[in-house]
Amino acid sequence: MRAGDLRHRVTFEQRDATTDDAGQAVNVWKPFAENVPAAVEFGSGSHGRRGEQVEENATHTVECRWLEGVTSAMRIRHGDRIYDIVSCGDPEGRRIRLVCNVNEAA
């Protein structure tokens, strides 16, 4: 991975369950790591129907330098786009880079 490939800036966010003034459970997304240099690459996309519902699925790969603590329960924000992490890991097992397979949130 070359530094020039990491031309995007992304934010990894984690869910923080809290309660509102009425005592209702609310999920709030808080930054885990901000302004992370990353490569965001479009992988594939699909468009289909399930009953009356139109489904669109866009898959991407987000790659950055190793970042401890990232899980598939998190999401990635890239500008005004939000990606749900499907899987993430270290392909070589050397903790040098992190590769996340993501779906663009609807």
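Analyst: Side chains of opposite charge can pair when their charged atoms come close. A salt bridge here is a side-chain nitrogen of Lys or Arg within 4 Å of a carboxyl oxygen of Asp or Glu. Arg 75 pairs this way with Glu 13, with 2.6 Å between the closest N and O atoms. Arg 75 sits in strand 4 (residues 75-78) and Glu 13 in strand 1 (residues 8-19), so the bridge ties together parts 62 residues apart in sequence. Strands are DSSP runs of E, at least two residues, numbered from the N terminus.

User: What do I need to know about the model and its numbering?

Analyst: This is a predicted model: local features need pLDDT of at least 70, side-chain atom pairs count only at pLDDT 80 or more, and totals for chains, interfaces and linings use all residues. Residues are numbered from 1 along each chain as its sequence is written, and side-chain values use heavy atoms, leaving out hydrogens and water.

User: Is Glu 13 buried or exposed?

Analyst: Buried means under 20% relative accessible area, exposed over 50%, partly exposed in between (1.4 Å probe, protein chains only). Glu 13 has 6% relative accessibility, so Glu 13 counts as buried. Arg 75, at 12%, is buried too.

User: Which residue forms a salt bridge with Arg 81?

Analyst: Glu 104 does, with the closest N and O atoms 3.0 Å apart. Arg 81 lies in strand 5 and Glu 104 in strand 6, so this pair links parts 23 residues apart in sequence. Arg 81 is partly exposed at 39%.

User: How many salt bridges does the structure hold?

Analyst: Eight.

Conventions. Helices (H or I, at least four residues) and strands (E, at least two) are DSSP runs, numbered from the N terminus.
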